[in-house]
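Q: Could we go through this structure together? I would like to discuss the domains and then the aromatic rings.
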Amino acid sequence: MSVTLDTIANLAKKRGFVFPSSEIYGGLRSAYDYGPLGVELLRNVKAEWWRSMVRDRDDIVGLDSAIIQDRQVWAASGHEASFTDPLVECTNCNNRFRPDKLEDAGVCPNCGERDSFTEARQFNLLLKTHLGPVEDEAALAYLRPETAQGIFINYENVRRTMRLKLPFGIAQIGKSFRNEITPGQFVFRTREFEQMEMEYFCRPEEAAEWFAYWLEQRMAWYVDLGMDKDKLRLRAHDEDELSHYSTTTSDVEYQFPWGWDELEGIANRTDFDLRAHTEQSGQDLSYYDQDQDERFFPYVIEPAAGATRTTFAFLIDAYSEEEVRGETRVVLKLDPRLAPVKVAVLPLSKKEELMPDTRAVAGALRSSWQLEVDVTQSIGRRYRRQDEIGTPFCVTVDFDTLDDKAVTVRDRDTMNQDRVAIDQLLAYLRERLP
Ligand code: GAP
């Protein structure tokens, strides 16, 4: 189903997924805070990416590099000179915009003035800071705009210590920062965000093959985690869209409420970065192939996804509304691997006599899954809340439990209810939950 951005933003806030950053001071569109459910969902997305990229493979290893790096990194990578977006300014209200993102190129979206824009100029997106007590040019540093450079500057450390041979990959998840001209569409474009990137090093003549391989793998990852494949597509970049380091790029795009937009970029970065850092640092980052007795710079295929943006897309994709007995039921049909809460334990009433069994059931499940015990409100409202946050199973402890030592297990999607003996509950859920 199609859902509006407002519906998702409201649900995210109402249920504790995402809050605007600095909300008590009016909110900052540059960044968002992930609440108790959002942090679980985000962590699950990152864990699934890490599992498929690192843990399930023997050709890719992980890394966690620093956000602050030597300024020369960004000179060598080309970001100081070329990491820019075009910017126009409205001469009436002085607001600034990216011209390629304007709905009507002739009208200011802020004040409505016609033909008031200046000529476009290039605006550098690097977020600046100063290291140490003196705020001069020598102390200038940048918060990393991509995690990738941390991988390139550690390429030789990792290759040597892990004794890696081509082809191999280095993966990293972490925060990145860009001074975006127009952050917006909720968490889609922010100035602080999280990326999941992997640099796959290979022989130059094999790069095209690995590029095709990673396109397929990355599309399959989203579909395997339940994303609607009809809302996913690959789009090859035109020549004039390519980043300064890439010869071929395809985006994985998702059909967001405002239309098709980027979820992930998969690029052939060639040997651009390893060569650039070799030149800038004087350290030879070429590769010696013992079997062939030759030295060369590996090519790099890079699948680069946004963790926060992907989490947002999973939220949108999972949202559904159903008519149940004349009422609308909102359900997040998240894959159980992603659902922030896997099982909710709900005593039918707050009465003390149900608490020993409630505590026993929760105690038995807690070490296996993220759990929520909810004793407030009517059982109907509690089911509704669990549906809205995507909890796959609700376990209800009722007055019959006192006699039959069994509970009712309700399935989120089918709403079917099974009566399950408490001593069989763990096995029952293990068959159905990751
Ligand atoms: N290392 C390559 C690179 O950074 P990119 O296409 O600029 O490529 C990769 O970024 C991914 O990072 C994007 O596909 C998107 O998911 C995410 N991303 C980029 N800028 C973002 C922003 N301002 N807010 C949220 N996510 C962003």
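A: Contact here means heavy atoms within 4.5 Å. The model is predicted, so local features need pLDDT of at least 70 and side-chain atom pairs count only at pLDDT 80 or more, while totals for chains, interfaces and linings use all residues. Residues are numbered from 1 along each chain as its sequence is written, and side-chain values use heavy atoms, with hydrogens and water left out.

Q: Which domains does the assignment give?
A: It gives domain 1 (5-83 + 125-316), domain 2 (84-122) and domain 3 (341-430). Such bounds come from an automatic or database domain assignment.

Q: How many residues of domain 1 are in contact with domain 2?
A: Eight residues of domain 1 touch eight residues of domain 2. The centres of these two domains, taken over C-alpha atoms, are 29 Å apart.

Q: What area do domain 1 and domain 2 bury between them?
A: About 630 Å², with 55% of it on carbon and sulfur atoms. Buried area is the accessible area (1.4 Å probe) that two parts lose on being put together, summed over both. On the domain 1 side, Ile-181, Thr-182 and Arg-189 supply 64% of the area buried against domain 2, more than any other three residues.

Q: What is the count of salt bridges between domain 1 and domain 2?
A: The count is zero; a salt bridge requires a side-chain nitrogen of Lys or Arg within 4 Å of a carboxyl oxygen of Asp or Glu.

Q: Changing topic, how many aromatic pairs are in the whole structure?
A: The search finds 22. Rings of Phe, Tyr and Trp (its six-membered ring) pair if their centres lie within 6.5 Å; planes under 30 degrees apart count as stacked, over 60 as edge-to-face and the rest as tilted. Tyr-213 and Trp-214 form an edge-to-face pair, at 5.0 Å centre to centre and 85° between the planes.

Q: Is Trp-214 buried or exposed?
A: Trp-214 is buried, at 1% relative accessible area, whereas Tyr-213 is partly exposed at 26%. Buried means under 20%, exposed over 50%, and partly exposed in between (1.4 Å probe, protein chains only).

Q: Why is the pair of Phe-256 and Trp-258 stacked?
A: The pair counts as stacked because the planes lie at 15°, with the ring centres 4.8 Å apart. Phe-256 is buried at 3%, and Trp-258 is partly exposed at 28%. Ring pairs link both into a cluster that also includes Tyr-32 and Phe-312.
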